[in-house]
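User: I would like to learn how to read the cross-links and the surface exposure of a protein model. Please take me through the features one at a time.

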Amino acid sequence: IIHWDGSNWSRFGPYGGIPNTVLNSVHCVTSSDCWAVGEDSGGETIIHWDGSSWSRSGPYGGIPNTVLNSVHCVTSSDCWAVGEDSGGETIIHWDGSSWSRVGPYGGIPNKWLYSVHCMAANDCWATGEKDGSSANMIHWDGSSWSAVSAPSLPNQDLHAIFITPGGAGGSVRLVQWTEIIQ
């Protein structure tokens, strides 16, 4: 874990209780409220920064032994993380006190998810492994996740999504390994 203080990068840790693991994503709500997710042979890795140190959150029994690829928070009590397990997609939610698995939802591809990004509590997007020849994009509307018909996209996995403010629903940016699609 490394940190930028405005002029230099410095290494943090090691921290007892946090496994020597791969971290795939980090998101900070404030300078004293950050989440990082990854993978560990013992299950999901979820760690939290409280402003002075990192600590492991969980493990949580309802979350499968899975890889978490991305995390994004709307507020300190509304965060989403997505990933993959042997059965397909994994979507988990932080409600301010614990992480729990949500779904499964009928109608969304049972494929690995690589990225999640939220603009508001009722406007989150996730993307991942292609579903046959179709792009895998899903949307959270505040009550459920549903598949979204993607614009004409190449027959490839989508590895990142980012939403910028502007217009109805903002502007969605999708990233695959070889090019950026706007």
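Analyst: A residue is called buried under 20% relative accessible area, exposed over 50%, and partly exposed in between. The model shown here is predicted. Cys28 has a relative accessible area of 40%, so this residue is partly exposed.

User: Which cysteine is the disulfide partner of Cys28?

Analyst: A disulfide is a covalent bond between the sulfur atoms of two cysteines. In this model Cys28 is bonded to Cys34, with 2.1 Å between the sulfur atoms. Cys34 has a relative accessibility of 4% and therefore counts as buried. The torsion about the S-S bond of Cys28 and Cys34 is 105°, and the link is right-handed.

User: How many disulfides does the whole structure hold, and what is the pairing of the bonded cysteines in sequence order?

Analyst: The search returns three disulfides. When the bonded cysteines are numbered along the sequence, they pair 1-2, 3-4, 5-6. Besides the link already described, Cys73 is joined to Cys79 at a sulfur separation of 2.1 Å, and Cys118 is joined to Cys124 at 2.2 Å.

User: What is the handedness of the link between Cys73 and Cys79, and are these two cysteines buried or exposed?

Analyst: The S-S torsion of Cys73 and Cys79 is about 105°, which means that the disulfide is right-handed. Cys73 counts as buried because its relative accessibility is 4%, and Cys79 is likewise buried, at 0%. For Cys118 and Cys124 the torsion is 110°, and that link is right-handed. Cys118 is buried at 5% relative accessibility, and Cys124 is buried at 0%.

User: How should I read a salt bridge, and which side chains form one here?

Analyst: Side chains of opposite charge can pair when their charged atoms come close. The whole structure contains one salt bridge. Its partners are Arg56 and Asp40, at 3.6 Å from N to O. This pair links distant parts of the chain, 16 residues apart: Arg56 belongs to strand β6 (residues 54-56) and Asp40 to strand β4 (residues 33-40). Arg56 has 26% relative accessibility and so counts as partly exposed.

User: Where does Ala147 lie, and with which residues is Ala147 in contact?

Analyst: Contact is taken here as heavy atoms within 4.5 Å. Ala147 lies in strand β14 (residues 145-147). Neighbours within four places in sequence aside, Ala147 is in contact with Gly107, Ile108, Pro109, Met137 and Ile138.

Notes:
Residues numbered from 1 in each chain as written. Predicted model: local features only at pLDDT ≥ 70, side-chain atom pairs only at ≥ 80, totals over all residues. Heavy atoms only, no water. Salt bridge = Lys/Arg side-chain N within 4 Å of Asp/Glu carboxyl O. Helix = DSSP H or I, 4+ residues; strand = E, 2+ residues; numbered from the N terminus. Buried < 20%, exposed > 50% of the residue type's maximum accessible area, 1.4 Å probe, protein only. Disulfide = S-S within 2.5 Å.
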